[in-house]
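Please keep the structure open while reading.

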Amino acid sequence: MRPGHFLVALLMLPALSHAEPADLQSALEAIRVKHHLPALGAAYFTTDGLIEQAVTGVRKAGTDIPATTEDLWHLGSDTKAMTATALATYVRDRKLSWDSRIISFFLEDAALAPDRVKDITLSQILSHRAGMIEDLDWRAIATGGGSLTRQRLAAVRMALKSPKYPAGDFHYSNTDYVIAGAILEKLSGEPWEKVMMDRVFTPLHMNSAGFGGTGTPGQVDEPWPHFKTGQPAPANGPDTDNPEVMGPAGTVHCTIADWVRFLTDQLRGGAGLPAMLPAAMYGAMQSPHPPDGDYGYGWLIADRDWAGGKALNHAGSNTMNFADCWLAPNRKFGVLAVTNEGGDTEAFPACDEAVGWLIEHPPAPR
């Protein structure tokens, strides 16, 4: 199981059916049934926050327990923008620079690192241009024991000793963001999970945010994970996820409303409105690096007419859940969709349809 590599920004506004649903709930139910998903949720928000959300379907296929707007949803690689935001707080505090050399945080390993990694910067790590391997053997690292901080340090050592690509080339890499998380741990002296709570989730009042799979093991009290075949995973709960060492690349979960709190802050910052961080931090995260690329720090950057130009996108999956979001800073709104099924067979197109419907049918402002 690995956070997904869903980087192709598909949303060009899909063709809609002849019989238009009257409301978001009805639209989601039609999309959910079409794609045979257990549950599907979506939300529309502006720079003022959540405007509308809805959820349809069941927490687990084969049951009649409904999914709700209070449920927790696994965000997969949408975690990456959150990790980048935590690093931005240190840039704000002048304890870090986007151009900081990665090796400066791991000097004990400098002698073992080949020369070509010694000039790699934080910016290259966050924009997937550091040349790192896409994934390590995360389960082997996890079973090697030690604290999560030690596991992430072990991952850094493996990655720095054996870069896979030339620095500067784009290769989407979960390893990059595990390195980013290890840098946060070096800066703070705390595990990445606590840094995220202290520097991102608590300031944004994301009270439901946590890590790993959702629900109480064996109980259908949250959305149960499902494989792309539509079959429920054998188990649920915190351990039904990628290994914890991968956290900075994709293990966050929260309610739709709390994800909207994070995305609203990103939207406000991108629109030049007051936000948690100075405008320059959002400008860096939401701009391509290099300028002729299409990936910032945790964001895929596309050009869309419906967005009035720049649109920010990311999608993520741990192979058993799927989450997708789009921001339109120029027009000050955003959309998201979530489901408790993984993969690109049904989950990806369903979420794409859901956010497309919302873009074409924006709710009235409150």
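Predicted model: local features only at pLDDT ≥ 70, side-chain atom pairs only at ≥ 80, totals over all residues.

Strand β8 (residues 322-328) runs antiparallel to strand β7 (residues 309-316), and 5 bridges join the two. Within this pairing, alanine 315 stands opposite aspartate 324, and glycine 316 stands opposite alanine 323.

Cysteine 325 has leucine 336 in β9 as its bridge partner. β8 and β9 also form a hairpin, here with 4 residues between the strands, and lysine 332 in the turn has a positive phi of about 60 degrees.

How many of the residues of β8 are buried? The count is 7 of the 7, so the strand is largely enclosed by the rest of the structure. In a regular strand the side chains alternate between the two faces of the sheet. In β8, Phe322, Asp324, Trp326 and Ala328 point one way, while Ala323, Cys325 and Leu327 point the other way. The residues of both sets are buried.

Threonine 264 belongs to helix α9 (residues 256-270). Is threonine 264 buried or exposed? Its relative accessible area is 8%, so threonine 264 is buried, the cut-off for buried being under 20%. Leaving aside residues up to four places away in sequence, threonine 264 touches Phe45, Thr46, Thr47 and Gly49.

Aspartate 352 lies in helix α11. With a relative accessibility of 10%, aspartate 352 counts as buried. The C-alpha atoms of aspartate 352 and isoleucine 31 are separated by 10.0 Å, although these residues are 321 residues apart along the chain.

## Helix α7

Of the 10 residues of helix α7 (residues 192-201), 7 are buried, so the helix is largely enclosed by the rest of the structure. The buried residues are Trp192, Glu193, Val195, Met196, Arg199, Val200 and Phe201. Seen down the axis of α7, these residues fall within an arc of 155 degrees, so they line one face of the helix. An α-helix has 3.6 residues a turn, so residues three or four places apart point the same way.

One of the buried residues of α7 is Arg199. Arginine 199 lies over the face of tyrosine 90, at 3.8 Å from the ring centre. Elsewhere, lysine 60 lies over the face of tryptophan 224, at 3.8 Å from the ring centre.

## Aromatic pairs

A search of the whole structure finds 9 aromatic pairs. Among them is the pair of phenylalanine 170 and tyrosine 295, whose ring centres are 5.8 Å apart and whose planes are at 50 degrees, so the pair is tilted. Phenylalanine 170 lies in the loop between α5 (148-161) and α6 (174-188), and tyrosine 295 in the loop between α10 (279-285) and β6, so the pair ties together parts that are 125 residues apart in sequence. Phenylalanine 170 counts as partly exposed at 28% relative accessibility, whereas tyrosine 295 is buried, with a relative accessible area of 1%.

In the pair of tryptophan 306 and tryptophan 326, the ring centres are 5.6 Å apart and the planes are at 70 degrees, so the pair is edge-to-face. Tryptophan 306 lies in the loop between β6 and β7 and tryptophan 326 in strand β8, so the pair ties together parts that are 20 residues apart in sequence. Both tryptophan 306 and tryptophan 326 are buried. Along with Tyr44 and Phe333, Trp306 and Trp326 form one aromatic cluster.

Key. Residues numbered from 1 in each chain as written. Heavy atoms only, no water. Buried < 20%, exposed > 50% of the residue type's maximum accessible area, 1.4 Å probe, protein only. Contact = heavy atoms within 4.5 Å. Pairing = 2+ DSSP bridges. Arc of directions from axis to C-beta. Phe/Tyr/Trp six-rings, centres within 6.5 Å; stacked < 30°, edge-to-face > 60°. Lys NZ or Arg CZ within 6 Å of the ring centre and 35° of its normal.
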